[in-house]
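Subject: Structure handover

Hello,

Here is the structure we talked about. Please open it next to these notes.

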Amino acid sequence: LEPRYLIISKFIEARNKMGLTQKDVARKIGTKQSAIARFESGLANPTLSFLEKLTTAINAKIIIRVN
């Protein structure tokens, strides 16, 4: 579960640095605030597509590395 929570914490950190609320992010990606809240609480199992939308909203990138 560690990678999941690392992604969530980094997302929340970046969102807060940008001064965005969950509602702001939801509006940017065309979803509801509750979907962002579920993601941030760890209750959702987001798709890669959803993660891509989230990172676009906060001007970030996801880098997946397999060792």
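Start with helix α1, residues 2–17. Helices here are DSSP runs (H or I, at least four residues), numbered from the N terminus. The expected span is 1.5 Å times one less than the number of residues. For the 16 residues of α1 that gives 22 Å, and the end C-alpha atoms are 22 Å apart, so the two agree.

This is a predicted model: local features need pLDDT of at least 70, side-chain atom pairs count only at pLDDT 80 or more, and totals for chains, interfaces and linings use all residues. Residues are numbered from 1 along each chain as its sequence is written, and side-chain values use heavy atoms, with hydrogens and water left out.

Which residues of α1 are buried? They are I8, F11 and R15. Buried means under 20% relative accessible area, exposed over 50%, partly exposed in between (1.4 Å probe, protein chains only). Seen down the axis of α1, the buried residues fall within an arc of 65 degrees, so they line one face of the helix. The arc is taken from the directions from the helix axis to the C-beta atoms. On the other side, E2, P3 and K17 are exposed. The cover over the buried residues includes α2 (22–29), α3 (33–41) and α4 (48–57).

After α1 comes G19, with a positive phi near 75 degrees.

Now the largest nonpolar core. It has 13 residues, and F11, V25, I29, I36, F39, F50 and L54 touch the most other members. Such a core is a set of buried Ala, Val, Leu, Ile, Met, Phe, Trp, Tyr and Cys residues joined through side-chain atoms within 4.5 Å. α4 gives the most to this core, with 4 residues.

Best regards

Definitions and conventions. Helix = DSSP H or I, 4+ residues; strand = E, 2+ residues; numbered from the N terminus. Contact = heavy atoms within 4.5 Å.
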